[in-house]
Amino acid sequence: MTAASSSSTERRVRARAARLLAACALASLATTLAARPAAADLRLCNMTGSRVGIAVGHRDAEGWITEGWWNLDPRACETLLEGVLASRFYYVYAIDYDRGGEWGGRTQMCTREREFTIRGVEDCLARGFDRNGFFEVDTGQQRSWTIQLTDPDRPGAALR
């Protein structure tokens, strides 16, 4: 065998080994990604042109709880609650920081001006909290759900 043919054979073996290594790495990555459970969260996407503040209310094993504030930039999304949804109904209250106004509803829950986690929805004012109307989100018992907050001038918007 000549030096030229030996060098050519060596290059082919190296190229084949590199392709095999790349295929193994790709197969390993695919297996890792397939083994991960699908994300199951309650997310909210701010589809408006304004910065907004978000509060969420829901039931957990201990009863009603409200939490806030998530501050979302325009056209940004945020996970509000991580993991598989434990309830069918969630409640949201949002404030438009830039243009004023709010997204709300008829379900009264406790909030406060600064970051909060509040247990219970009764006697908000007597306990030193604010009280706001939250709109209901029916997730249909899905494992995950994304809420899209839209501008008030768009059809279907919930700004009040």
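At what relative accessibility does Thr66 sit, and does that count as buried or exposed?

Guide: Thr66 has 0% relative accessibility, so it counts as buried. Here buried means under 20% relative accessible area, exposed means over 50%, and partly exposed is in between, using a 1.4 Å probe and protein chains only.

A word on the model: it's predicted, so local features need pLDDT of at least 70 and side-chain atom pairs count only at pLDDT 80 or more, while totals for chains, interfaces and linings use all residues. Residues are numbered from 1 along each chain as its sequence is written, and side-chain values use heavy atoms, with hydrogens and water left out.

Back to our residue. Thr66 is part of strand β3, residues 63-72; strands (E, at least two residues) and helices (H or I, at least four) are DSSP runs numbered from the N terminus. Leaving aside residues up to four places away in sequence, Thr66 touches Val56, Gly57, Met109, Cys110, Phe116, Thr117, Ile118 and Phe134, where contact means heavy atoms within 4.5 Å.

Let's follow Cys110, then. A disulfide joins it to Cys124, S to S 2.0 Å; the term stands for a pair of cysteine sulfur atoms within 2.5 Å. Cys110 is in strand β7 (residues 107-111), while Cys124 is in the loop between β8 (116-119) and β9 (130-138), 14 residues apart. Both of these cysteines are buried, and their link is left-handed, with -85° about the S-S bond.

The whole structure has 2 disulfides. Cys45 and Cys77 are also joined, S to S 2.0 Å, tying strand β1 to strand β4 across 32 residues. The torsion about the S-S bond of Cys45 and Cys77 is about 110°, so this disulfide is right-handed. Cys45 is at 7% relative accessibility and so counts as buried, whereas Cys77, at 36%, counts as partly exposed.

Cys45 also has a bridge partner, Gln148 in β10. Strands β1 (residues 42-46) and β10 pair in the parallel sense over 5 bridges; two strands pair if DSSP finds at least two bridges between them.
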